[in-house]
Amino acid sequence: MSQDRSKRNGNIDKVVDAQPASQGAFAGAQYLMGLQIFVRLATFIMNILVIYIAGRKAFGVASIRFELLLSTVLFLSREGMRNALLRVDTTSGADKPASNYARKRPSGQEQRIINAALVPIAAGMLLAGCLYWIYVGGSAPMSEASYYRPSLAIYILAAWIELCVEPLYVLSRARVLFKLQAKCEAVAVSCRCIGVVVTLLLGYYLTTDQTNPLRLLAFAMGQLAYALAILISYAWHMSNELDYSVWQCYIPHKRDTDGYISNAIGSLAVTFVGQSLVKHLLTQGDSMVMARFATADEMGTFALVSNYGSIPARVLFLPLEEASRAVFSKTAAAATADKSSISSKDARAQINNARSVLITLGKLQFLLGLFLIVFGTLYAPILAALVRHNDVAVSQALAVYCAYLPFMGFNGFLEAFVHSVATKSQLIFINIWMAVFTVVYMLGAIEALYRFKLGSAGIIGANMLNMALRIIYCKIYISKWFANFSFREMLPHPAVVGMCASAGVISIAMRTALSHLPSTTFQLSMLALGGGLGVAALASIWIYEQSLIHSVRALRAGTLHTKTD
């Protein structure tokens, strides 16, 4: 019976020890976090220059319409295959390379995932061509602007060039080369910033009036520079990891009787492609609605808030989600593997390890959520008003976005677990529910934007509803998957909650008390007060959450585990 169960689930990966899996993933996450800090800082500085030179409308069109085009091509082409390949274990088996893979040829399993990574390149070429004609044929804000169609064409070309990185990317991930990924991304982001700013400055000096003819083309040139830089960087660094030419990674090789791509990987990839389509609608639904119903100015406001407000999501949530997905994928192996290849004790160790990771990440997300809701909603608009000269639309949207971020972070790692351990039939059922949530979200977003005229804040509010529905679904699934699992274990210490609540009450009271002060004095006074209250809240965490701090350190070191029965 165990063999039949293993076959039904593909039996595509073998279980490895929980501790090395956690150690490699979460130790590597520090490089991804460092990368995201650099990316957000560079993007933040670039956006300040871009909005000043190009204006909010051009920034909005490029950030919403062009980025939607780019993300659609990349996400739908490669995400399904990436998720399927995450379930392939290349660290065990008879053909495992020696000495930490240093300068060794890919194993048979590695070669198969390289073969699979070539599929997104061909799929992306077809998808990019179709989307270009859809964009050109449809009405678009600022479509009369200079170089609109050439900018679209360059974005399409950049997307396809970026897809050409896939064979090198999956090979680096198989060898757990997180540091290499961080280096390549950092170089590419730097090139994108330089490309955008240089092109904008060129257009600024070419015209005598206030209009910049290259304001849309600048974003396209920056994306092209990014794509070329990341491809060249990966090729350069991977050439030091391989004992053969990099170009051979773009020629499929048949290594055994299973063919170029195993049936298990292919079948799972098809399932994940359907899931990726639904997930893309969920994650990019706001951009789709904005692109169809919003004005260029509303796009600019939403893009500005998203770029500023998504810093926590990019710096903390995304790296943790990627690292946890790698650990949870091993849990799927423990739950479905053939008993001849894994003992019941090892399986319990894997499952208990996943449970510990879930509880630790959940408690961490609750704490981050408390800070974002209390300090983000109250003080981010004040900071934005100080920087943006009392821009009311941006301040209001930023306050709502800070309340939305905890939903995003909590949903991220819960879905990472659900999507990693779910069987193929369960993934199909999950996709159906995600489609239902998508419809609910889209209807709510359209009503908020088109009928109630809530602008960017309405779109963010609809996103909060969307995330709440997905969190509820994941909670139900996880409660059924584990024999005994309580989400109450994720709640912070009552003293910490009380401290944050007190900080919120004090902030609201002081806002009223200091309202008579001049605008700049009021803003600076409130920010100073927020800094002091924030330090007090952090001190309460240090005092009352020592167990969480210990768990986070153990998680980073790869030693987080629970006792098996």
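# Notebook: a predicted all-residue survey of one chain

**Entry 1. Overall make-up.** I counted the secondary-structure elements and found 19 helices and 0 strands in the chain. I note at the outset that the model is predicted. I then looked up burial across the chain: of its 565 residues, 54% are buried. The exposed surface comes to about 25200 Å², and carbon and sulfur atoms supply 64% of that area. For contacts with a separation of 6 or more, I recorded that 85% join residues 24 or more positions apart.

**Entry 2. Nonpolar cores.** I asked which residues touch the most other members of the largest nonpolar core. That core has 136 residues, and the ones in question are Tyr234, Leu358, Leu414, Phe417 and Ile478. Apart from this core lies another one, of 13 residues, which includes Leu370, Cys500, Leu533 and Ala537.

I followed Phe417 further. With neighbours within four places in sequence left aside, Phe417 is in contact with Phe328, Ala354, Leu358, Ile478, Trp481 and Phe482.

**Entry 3. Aromatic pairs.** A search of the whole structure returned 20 aromatic pairs. I examined Phe59 and Phe219, whose ring centres are 6.5 Å apart with 50 degrees between the planes, a tilted arrangement. This pair links distant parts of the chain, since Phe59 belongs to helix α3 (residues 56-86) and Phe219 to helix α9 (residues 215-239), 160 residues apart. I checked burial for the two partners, and both Phe59 and Phe219 are buried.

I next took Phe482 and Phe485. Their ring centres are 5.2 Å apart and their planes meet at 25 degrees; planes under 30 degrees apart count as stacked, so this pair is stacked. Phe482 and Phe485 are both buried. I also recorded that these two residues belong to one aromatic cluster with Phe417, Trp481 and Phe487.

**Entry 4. Charges over rings.** I looked up two arginine side chains placed over tyrosine rings. Arg82 lies over the face of Tyr169, at 3.7 Å from the ring centre. The charged end of Arg192 sits over the ring of Tyr226, at 4.6 Å from its centre.

**Entry 5. Helix α7.** Just after α7, Val176 takes a positive phi of about 55 degrees.

**Entry 6. Asn212.** I turned to the loop between α8 (178-206) and α9, where Asn212 lies. Is Asn212 buried or exposed? Its relative accessibility is 2%, and under 20% means buried, so Asn212 counts as buried. I then listed the polar contacts of its side chain. A polar atom of the Asn212 side chain lies 3.0 Å from the backbone oxygen of Leu200, and the side chain also reaches the backbone nitrogen of Leu214 at 3.0 Å. Not counting residues up to four places away in sequence, Asn212 touches Ile53, Leu200, Gly203, Tyr204 and Thr207.

**Entry 7. Lys453.** I located Lys453 in the loop between α15 (424-451) and α16 (455-481). Its phi is near 55 degrees, a positive value in a residue other than glycine. For context, most residues other than glycine have a negative phi. Lys453 is exposed, because its relative accessible area of 62% is over the 50% cut-off.

**Entry 8. Pro492.** At 13% relative accessibility, Pro492 counts as buried. I asked what Pro492 is in contact with once neighbours within four places in sequence are left aside. The contacts are Lys363, Phe366, Leu367, Leu370, Val497 and Glu545; among them, Leu370 is also a member of the 13-residue core. Finally, the C-alpha atoms of Pro492 and Tyr544 are separated by 8.9 Å, while the two residues are 52 apart along the chain.

Conventions: Residues are numbered from 1 along each chain as its sequence is written. This is a predicted model: local features need pLDDT of at least 70, side-chain atom pairs count only at pLDDT 80 or more; totals for chains, interfaces and linings use all residues. Side-chain values use heavy atoms; hydrogens and water are left out. Rings of Phe, Tyr and Trp (its six-membered ring) pair if their centres lie within 6.5 Å; planes under 30 degrees apart count as stacked, over 60 as edge-to-face and the rest as tilted. Helices (H or I, at least four residues) and strands (E, at least two) are DSSP runs, numbered from the N terminus. Buried means under 20% relative accessible area, exposed over 50%, partly exposed in between (1.4 Å probe, protein chains only). A charge sits over a ring if NZ of Lys or CZ of Arg is within 6 Å of the ring centre and within 35 degrees of the ring normal. A polar contact is a pair of N or O atoms within 3.5 Å; within protein, one must be able to donate a hydrogen and the other to accept it, and residues adjacent in sequence count only if both atoms are side-chain atoms. Contact means heavy atoms within 4.5 Å. A nonpolar core is a set of buried Ala, Val, Leu, Ile, Met, Phe, Trp, Tyr and Cys residues joined through side-chain atoms within 4.5 Å. Accessible areas come from the Shrake-Rupley method with a 1.4 Å probe; for residues, only the protein chains shown count as cover.
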